[in-house]
Amino acid sequence: MGRAILIDAREQGCQPRHVQVTIRDVARKAGVSPSTVSRALAPDGTVSESTRERVRAAADRLGYQPNRAARGLITGRTGHLGVIVPDLLNPFFADICKGVQARARGLGHAVFISDSERDEGLELDAIRTLGPEVDGIVLCAPHLSSEELAALDQLTMKPIVLLHRKEPGFASVTADMVEGMTDALTHLHALGHRRIAYVGGPRSTWTAQERAAGIEAMEASGKVEIIHVGSVAPHFDGGITGAADVVLASGASAVVAFNDIVAFGLISRFTARGVRVPDEMSVVGCDDIALSGMAAPPLTTVSVPKAHAARAAVDLLFRILGTPAGEGAEPQQRVLPTHLVVRGSTAAIERR
């Protein structure tokens, strides 16, 4: 008669699906204590790299999934980050969310995403709602005033890193838009353009003010004449409406738009009016969203390092989370370089 032999699957290096793997199982497999496993699996845990790799290998082999709720009771952390953006319909901010999520995932955190719809009230509501649920917040291109931002400490005790906004007292990651706009105008100048229109974004936003500062710096050099068309909504319709007609009436031979979406609107209106881009009007955008390289013609644009900025913002947030309370270091403010991507929407004025 044959014997029934019971084999413990854990001894064979795997874990039955119906058995819940515990932190003690991982500790036994890795040859460390349960507390070492906790530290090794935490984003800011203090263990050697070799120990961290051994523990993670054991956890992966056993299929261990940390209990976030239990860890939160011990560490006071939720295992979540929040990111608040002003407009998910704009591919620029969708790319920011993807970048934040990718970096946070690599550090063991999930991400809650909120769209404030460019509304200060909704922005504050999102901060209030996310505050208790997350360890920190990446606040992207906020529309809140400086005074409202300064009062956020009374609204949430969680750390906040600003992305594409600089304010005293906050850690932040921004792009050098003054340099970016200067590069755009220098490019157009080299192509022979001397009368250039600028279609700006909402005046109250920090981003619009920085881009306008770059335009004004080049204007002050006397190399080009700038036709300030005014501010438009940062959407496709912002370029389609009266802004394009004002550009045409101004006698400008080129135009720089607040962002790529507005630039697409301008090109659409120019085409409808029978004005060829770039033969009769050169167009430059800003942001370098993925669609810029797919447009007809492909859009010359100031490239903002979206993935790099998102990663840097998350890293700053984790640095704050790992800093003992009361350390008096000034919040770090990182400024990332931009660069101009020259495509088919700009051409030398001699072609006319």
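The legends below describe close-up views of a predicted model.

View 1. Strands of a sheet pair through backbone hydrogen bonds, either parallel or antiparallel. The sheet in this view is open, its 6 strands follow the order E2-E1-E3-E4-E5-E11, and their pairing is parallel. Strand E2 (110-115) and strand E11 (333-336) stand at the edges with a single partner strand each, and therefore one side of each has no neighbour in the sheet. On average, and with direction ignored, neighbouring strands of this sheet are turned by 15° against each other.

**View 2. Strand E3 and its two partners.** In a regular strand the side chains alternate between the two faces of the sheet. Strand E3, which spans residues 137-140, is covered on both faces, with Ile137 and Leu139 buried on one side and Val138 and Cys140 buried on the other. Strand E1 (residues 80-85) pairs with E3 in the parallel sense over 3 bridges, and within this pairing valine 83 has valine 138 of E3 as its bridge partner. Strand E4 (residues 160-163) also runs parallel to E3, to which it is joined by 4 bridges, and here cysteine 140 has leucine 163 of E4 as its bridge partner.

**View 3. The E5 and E11 pair, with helix H13 across the sheet.** Strand E5, made of residues 171-175, runs parallel to E11 and is joined to it by 4 bridges. Helix H13, which covers residues 306-321, lies across E1, E3, E4, E5 and E11, and the helix runs at about 160° to E4.

**View 4. The mixed sheet of 6 strands.** This open sheet has 6 strands in the order E7-E6-E8-E9-E10-E12, and its pairing is mixed. Strand E7 (225-231) and strand E12 (339-341) stand at the edges, and because each has a single partner strand, one side of each is left without a neighbour in the sheet. Neighbouring strands here are turned by 20° against each other on average, direction ignored. Strand E6 (residues 195-200) pairs with E7 in the parallel sense over 6 bridges, and glycine 200 stands opposite serine 231 in E7.

**View 5. The crossing of helices H1 and H3.** Two packed helices are described by the angle between their axes and the distance between the axes. For helix H1 (residues 23-30) and helix H3 (residues 49-62), the axes come within 9 Å and cross at roughly 120°, and H1 and H3 are therefore oblique to each other. The crossing of these two helices, H1 and H3, is right-handed. On the side of H1 the contact is made by Asp25, Val26, Lys29 and Ala30, while on the side of H3 it is made by Arg54, Val55, Ala58, Ala59, Arg61 and Leu62.

View 6. Leaving aside neighbours within four places in sequence, threonine 207 is in contact with His164 and Phe258.

Notes. Residues numbered from 1 in each chain as written. Predicted model: local features only at pLDDT ≥ 70, side-chain atom pairs only at ≥ 80, totals over all residues. Heavy atoms only, no water. Pairing = 2+ DSSP bridges. Axes fitted to C-alpha atoms, helices over the stretch in contact; angles between N-to-C directions. Buried < 20%, exposed > 50% of the residue type's maximum accessible area, 1.4 Å probe, protein only. Contact = heavy atoms within 4.5 Å. Parallel < 35°, antiparallel > 145°, perpendicular 65-115°, else oblique. Left-handed = near helix turned anticlockwise from the far one by under 90°.
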